[in-house]
Amino acid sequence: MSDYENRPVPEGINISPSHPLKEFGLLVGGISAVLLTGVLLLALLAGHLVRYVPFAQEKALLSGVDIGWLKDDQNTAHQQKQRYLQALAERLATNMQLPPDMSFSLHYSPDATVNAMATLGGHIVVYQGLLDTLPSENALAMVLAHEMAHVRQRHPIVAVGRGFAVMLALSSLAGVGDGAMQQWVGNMGMLSMLSFSRAQEEDADAEALQTVQRTYGHVGDAAAFFEYIASRPQSLETPAIFNTHPDHAARIARIQQFAQAHPAAAGQTSQPLPPFMQSR
Amino acid sequence: MYDLIFFLVLLGCGYVFGQLAEKRHFRSIIAREAELQDLLCFSERTVPAAYSGDAALVCGSVVISIDYFKRFVAGLRNFIGGRVSSYESLLERARREAMLRMKEEARARGASSVWNVRLETASISKDNDQTIGAVEVVAYGTAVTPR
């Protein structure tokens, strides 16, 4: 009988000793870090490549997008304002080094939002809420030139290209359905206004200042809009433009620095906005 | 957002109940193994002459399901490879439980040893993601009752 025996088997020899939560943490952390790095790299790469998309192609991208202010307005007062904005933009455009195929389409929205924004295809919308805060045409020219500079530096398409690359990467990983993709493509015109970086804003400011300087010979009232924003009590609802345009104090300072370096000649004053641009 | 909350609740439930069940199961396994320690089991194909007696087939089978948490961790492990430790304890439990059930049957017959013991494993769900992830282990052997 002594030839055969069953010795007790020590516990735990068939199981890895790691705690399940520790393994969970390591796996989730490690895989998220790898994914995040990959997606970030992809976004950066897409941002670089998308600059080579021709501007005509960029215009065509927005053709199927349904945004209220992109449609033609039948209201004659609105059309008058739109024509004025378009004319001002074209005047500014002659003082920007634009590629030959680039053009701007200005839109007017009677909304009280204190904002103006540029999106794909050179479309720029100006809200009545913004016009009401501006003291002069020069101040409006600065805002317009800023948005036009975004378009000339291809910021909207870069933002959309990055967003598209991220969306594509994530949806191919997570298997998001076609519906989500279509919904996103439908919204991309709006998305593009959300994600300009601070560096892009600074570049746009610098180019806008140069443009206004070349157009009017001085940059009086260029900081008017930011000063208006800065003067608003903090308790008031934050204007939408705040989300994308941080650190307005530094921007006012940069504009004033530029103004000191390029003082207005005697007799150069700001031109008033035509009366029909006011809401009241 | 609701999807995420739902997922986290499932993950939490899976972890809590899975760990409780596993701890309780291991306690039970260790106690019953000690109880059945004197019933000998061997993988030898033939019964040695010194142990001969009345022979009978005995078997024990068990099906154990994976919990949501372990399944998720194993899914993550799929990305990078390595030891799927969340499945290791599952299979360990299934193996030992199947052996115990076989031994319990042998004890009920009054056997003193089991020979030619074999273990077989089957995955219940195979590659179908829609069904439960469960594993079956069958242990069988020849129980010998001394005359």
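The exercises below concern this predicted model.

**Exercise 1. Secondary structure of the two chains**

State how many helices and strands chain A and chain B contain, and how they follow one another.

Solution. 
- Step 1. Chain A has 11 helices and three strands. Its elements, read from the N terminus, are arranged α-α-α-β-β-β-α-α-α-α-α-α-α-α.
- Step 2. Chain B has three helices and four strands, in the sequence pattern α-β-β-α-α-β-β.
- Step 3. Burial is then considered for each chain. Of the 280 residues in chain A, 44% are buried; of the 147 residues in chain B, 40% are buried.
- Step 4. For contacts between residues at least 6 apart in sequence, a separation of at least 24 is found for 81% in chain B. In chain A, 74% of the contacts with a separation of 6 or more join residues 24 or more positions apart.

**Exercise 2. The nonpolar cores**

Locate the largest nonpolar core and name the residues with the most contacts inside it.

Solution. 
- Step 1. The largest core comprises 47 residues, and the most contacts inside it belong to Val126(A), Leu140(A), Leu144(A) and Met148(A).
- Step 2. Helix 5 (residues 137–152) of chain A supplies the largest share of this core, 10 residues.
- Step 3. Leaving aside residues up to four places away in sequence, Leu140(A) touches Tyr84(A), Leu85(A), Leu88(A), Val126(A), Leu131(A), Leu134(A) and Leu273(A).
- Step 4. Another core, of 18 residues, lies apart from the largest one; Ile66(B), Leu90(B), Val114(B) and Ala143(B) are among its members.

**Exercise 3. A helix pair in chain A**

Describe how helix 9 and helix 11 of chain A pack against each other.

Solution. 
- Step 1. Two packed helices are described by the angle between their axes and the distance between the axes.
- Step 2. The axes of helix 9 (residues 224–231) and helix 11 (residues 248–261) of chain A come within 9 Å and cross at roughly 145 degrees. The crossing is left-handed.
- Step 3. From helix 9, Phe226(A), Glu227(A), Ile229(A) and Ala230(A) meet His248(A), Arg251(A), Ile252(A), Ile255(A) and Gln256(A) of helix 11.
- Step 4. By class, the residues of this contact are five nonpolar, two polar and two charged.

**Exercise 4. The sheet of chain B**

Give the strand order of the sheet in chain B and explain which strands are at its edges.

Solution. 
- Step 1. The sheet is open, has four strands in the order 1-3-4-2, and shows mixed pairing.
- Step 2. Strand 1 (40–41) and strand 2 (54–65) of chain B each have a single partner strand and stand at the edges, so one side of each lacks a neighbour in the sheet.
- Step 3. Nine bridges pair strand 3 (residues 113–123) with strand 4 (residues 134–145) of chain B in the antiparallel sense. Trp115(B) has Thr142(B) in strand 4 as its bridge partner.
- Step 4. Helix 3 (residues 85–108) of chain B packs on the sheet and touches strand 1, strand 2, strand 3 and strand 4. The direction of helix 3 makes about 150 degrees with that of strand 2 of chain B.

Definitions and conventions. Residues are numbered from 1 along each chain as its sequence is written. Chains are lettered from A and ligands numbered from 1 in the order in which they are written. This is a predicted model: local features need pLDDT of at least 70, side-chain atom pairs count only at pLDDT 80 or more; totals for chains, interfaces and linings use all residues. Side-chain values use heavy atoms; hydrogens and water are left out. A nonpolar core is a set of buried Ala, Val, Leu, Ile, Met, Phe, Trp, Tyr and Cys residues joined through side-chain atoms within 4.5 Å. Buried means under 20% relative accessible area, exposed over 50%, partly exposed in between (1.4 Å probe, protein chains only). Helices (H or I, at least four residues) and strands (E, at least two) are DSSP runs, numbered from the N terminus. Contact means heavy atoms within 4.5 Å. Axes are lines fitted to C-alpha atoms, for helices over the stretch in contact, and angles run from 0 to 180 degrees between N-to-C directions. A crossing is left-handed if the near helix is turned anticlockwise from the far one by less than a right angle, and right-handed if clockwise. Ala, Val, Leu, Ile, Met, Phe, Trp, Tyr, Cys and Pro count as nonpolar, Asp, Glu, Lys and Arg as charged, and the others, Gly among them, as polar. Two strands pair if DSSP finds at least two bridges between them.
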